[in-house]
Amino acid sequence: MSGHPIVSLKGVAKTFGKRLLVQNRSFALSDIDITVGRGEVVGILGESGSGKSTVANIVTRLTGFDAGTYLFDGADVSAFDKKEGFRFKSRVQIVFQDPYGSLNPRATVAASIMEGLVLHRPEMDKATRRARVAQLLDEVGLPADCGDRYPHEFSGGQRQRIAIARALAVEPELLVLDEPLSSLDVSIQAQVLELFVKLIGERDLTIIFISHDVNVVRLICDRVYVMHQGRIVEEGSAEDVLTHPRNAYTERLLAAVY
Amino acid sequence: MTEALFAMDDVTVALRSNGRKMVTGVGLSVKPGEAFGVVGESGSGKTLLTRTVFGLQDDAELVSGRVRFDGQLLPEQGYARAARKLLGGRIGFVPQDPFSSLNPTMRVGKQITEALYLARGMPMGAQRTKARAIEVLGEVGIPEPELAFNQFPDQFSGGMRQRIVFAIALAQEPKLLIADEPTTALDAITQRRVIELMLGRCRSHGMALILISHNLELLRQSVDRIAVLYGGQLHNITHADDIGSRTVHPYTEALFECIPSKEKTLADIRAIPGEPVGAGFGTKGCAFASRCRYAEPICRETQLPLNGDQPGRFSACLLGRGADA
């Protein structure tokens with residue numbers, strides 16, 4: 001195991017072109033320093049417009065950045081060649097907020113989960129892949145016969161489980177969860193939260209957990225970065241920061257949460 | 001005991017298209033000046049019930065039950081029209097989405113004065129109406145209300161827009177304010193401000209509030225009593241303080257255990273197994289029985305009880321849980 005942190009963002013900044021219709025909101029990032037060590041569960045907490053999803057997109061290389069450096073496992077991602085760029089996609093996986101929009105409606109659940117394996121594990125034969133899908137479905141709490149069905153046959157919570165199984169299929173070194181509970185019903189949120197707790201306990205996962213929910217971050221994250229208007233305003237152990245905040249904004253946020 | 005300001009009794013709501021009964025046998029009452037919460041997951045029927053009861057839902061109708069407001073029984077014939085008439089006058093309504101509930105082509109001030117004219121006719125004269133509108137904008141915490149009076153909705157953030165909608169509702173001095181998920185589109189800090197603004201109005205002007213939300217913890221900390229809907233059935237009416245401290249209806253208890261609130265650790269959070277049942281379950285058996293940890297065979301077969309004339313609280317649990325007064 002290498003001694004590098006898996007993710008190291010230093011002074012990362014991003015500006016968007018001037019948006020005439022979006023006023024009073026800064027979507028830009030400035031001076032973002034984030035370090036994620038192997039095996040850590042790191043929360044990025046912020047309200048809408050704070051830039052937390054932009055951070056998720058930069059970490060997963062879904063979007064670029066204008067300044068600063070991003071080292072992934074010690075290597076500068078800006079210098080990745082095509083092969084490394086391709087490999088990166090199996091090393092980092094993301095689960096999006098909206099399970100209705102993130103699964104291909106024309107692919108069966110098994111096909112969606114298998115896609116990453118077909119691309120990134122070409123040596124795996126069909127039977128092994130099938131077995132892997134069944135095992136993943138079982139792990140996220142879905143019956144094995146789900147594989148032949150289509151996403152529209154599932155509820156939001158089940159779809160989010162499918163999205164999690166899909167992300168885990170290639171055994172990523174880093175899992176980015178972008179508001180994975182927000183579009184779910186209260187009772188289903190708790191189910192998926194329990195699933196995360198189980199997965200964190202059973203697997204050696206490194207997770208970046210993007211959320212606006214102070215209480216969820218406090219419960220499952222080791223460390224937290226609090227974002228406000230495109231900047232990190234406070235960081236530290238989740239328990240510490242979210243019970244004894246030092247920053248004025250964090251304090252206001254905590255006081256407002258029900 | 002004070003006379004209820006607003007009461008519904010055995011209300012059943014059905015879709016016009018196929019007559020399917022979506023919300024069944026709901027009875028509740030709200031006292032003057034009371035902050036009353038309605039909680040339910042998506043599809044529980046909470047929005048359909050309120051919108052139909054206040055005549056806003058075109059594709060559903062009241063098929064049984066009585067609704068009373070301020071001593072007046074609403075007629076069975078032409079119900080929706082009669083209910084609709086109360087809105088904008090003695091009853092104010094704040095819908096969920098502050099981005100679509102204001103007219104984007106009309107100045108904020110005009111939207112408030114228009115509401116005043118519609119509610120009261122023109123007894124005040126233009127100058128005083130304008131003064132009143134500016135006064136209300138100030139009351140809901142809009143900075144520089146004179147300036148805001150001449151601005152358009154798109155010049156305000158979501159929280160400020162929701163305050164403007166609130167100002168429109170308050171301009172007519174309603175006795176009852178209905179707020180349907182008024183803060184869902186807002187972030188945490190703004191959410192608390194808007195909720196506290198509404199609660200403050202209850203305390204200062206004796207206005208009653210019906211706050212509809214999916215967030216039980218928000219309601220528990222905000223209102224006096226909470227009605228809990230599930231599968232289109234009324235399951236529980238409980239004092240907010242009782243949640244987490246005394247035996248309440250099993251669904252209320254389970255819903256509360258799902259929520260990761262401030263005081264809880266991971267061990268305190270217990271998910272409800274299975275998927276929520278949508279509205280339209282009917283009245284035969286308890287809709288929650290399939291997910292309830294206490295469920296027994298009788299829960300699936302017995303007719304669900306109605307809320308009779310019990311004063312503060314009600315539990316529809318067929319095993320009698322949470323029913324002790």
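Which strands of chain A does α5(A) lie across, and at about what angle does α5(A) run to β6(A)? In this predicted model, α5(A) lies across β6 and β7 (174-178) of chain A. Its direction is at about 175° to β6(A).

The two strands belong to an open sheet of 6 strands in chain A. The strand order is β6-β7-β8-β3-β9-β10, and the pairing is mixed. The edges are taken by β6 (92-95) and β10 (231-237) of chain A. Each edge strand has a single partner, so one side of each is left without a neighbour in the sheet. From one strand to the next, the twist averages 15°. Within this sheet, β3 (residues 41-45) of chain A pairs with β8 (residues 207-211) of chain A. The pairing is in the parallel sense and covers 5 bridges. L45(A) stands opposite S211(A) of β8(A).

Helix α5(A) also has a helical partner. Two packed helices are described by the angle between their axes and the distance between the axes. Helix α3 (residues 109-120) of chain A and α5 (residues 156-168) of chain A pack at an angle of about 25°. Their axes are 7 Å apart. The angle makes α3(A) roughly parallel to α5(A), because angles under 35 degrees count as roughly parallel. The crossing of the two helices is right-handed. On the α3(A) side, the residues that meet α5(A) are V109(A), S112(A), I113(A) and G116(A). On the α5(A) side they are I162(A), A165(A) and R166(A). The residues of this contact divide into 4 nonpolar, 2 polar and 1 charged.

α3(B) passes α4(B) in a right-handed crossing. From α3(B), the contact draws on G109(B), I112(B), T113(B) and L116(B). From α4(B), it draws on T129(B), K130(B), R132(B), A133(B) and V136(B). These residues divide into 4 nonpolar, 3 polar and 2 charged.

The strands of chain B were considered next. In β3 (residues 35-39) of chain B, 5 of the 5 residues are buried, so the strand is largely enclosed by the rest of the structure. A35(B), G37(B) and V39(B) point one way from β3(B). F36(B) and V38(B) point the other way. Both sets of residues are buried. β3(B) has a parallel pairing with β8 (residues 208-213) of chain B, over 5 bridges. There, A35(B) has L209(B) as its bridge partner in β8(B). β3(B) also pairs in the parallel sense with β9 (residues 225-230) of chain B, over 4 bridges. In that pairing, V38(B) has A227(B) as its bridge partner.

Strand β2 (residues 21-30) of chain B is mostly covered, with 9 of its 10 residues buried. β2(B) runs antiparallel to β1 (residues 6-15) of chain B, and 6 bridges join the two. V11(B) stands opposite V26(B) of β2(B). β1(B) and β2(B) form a hairpin, with 5 residues between them. In the turn, G19(B) has a positive phi of about 70°.

The two chains also touch. In total, 25 residues of chain B are in contact with 21 residues of chain A. On the chain B side, α7 (188-205), α8 (216-222) and α9 each supply at least two residues. α7(B) gives the most, with 4 residues. The chain B residues that touch chain A divide into 12 nonpolar, 7 polar and 6 charged.

One residue with contacts in both chains is I269(B). I269(B) is found in the loop between α9 (250-258) and α10 (298-301) of chain B. Is I269(B) buried or exposed? I269(B) counts as buried because it has 20 C-beta neighbours inside 10 Å, and 20 or more are needed for that class. Leaving aside neighbours within four places in sequence, I269(B) is in contact with A190(A) and L193(A) of chain A, among others. The C-alpha atoms of I269(B) and E173(B) are separated by 42 Å. Along the chain, these two residues are 96 residues apart.

Notes. Residues numbered from 1 in each chain as written. Chains lettered and ligands numbered in written order. Predicted model: local features only at pLDDT ≥ 70, side-chain atom pairs only at ≥ 80, totals over all residues. Buried ≥ 20, exposed ≤ 12 C-beta atoms within 10 Å, placed from the backbone. Pairing = 2+ DSSP bridges. Contact = placed C-beta atoms within 7 Å. Nonpolar A, V, L, I, M, F, W, Y, C, P; charged D, E, K, R; others polar. Axes fitted to C-alpha atoms, helices over the stretch in contact; angles between N-to-C directions. Parallel < 35°, antiparallel > 145°, perpendicular 65-115°, else oblique. Left-handed = near helix turned anticlockwise from the far one by under 90°.
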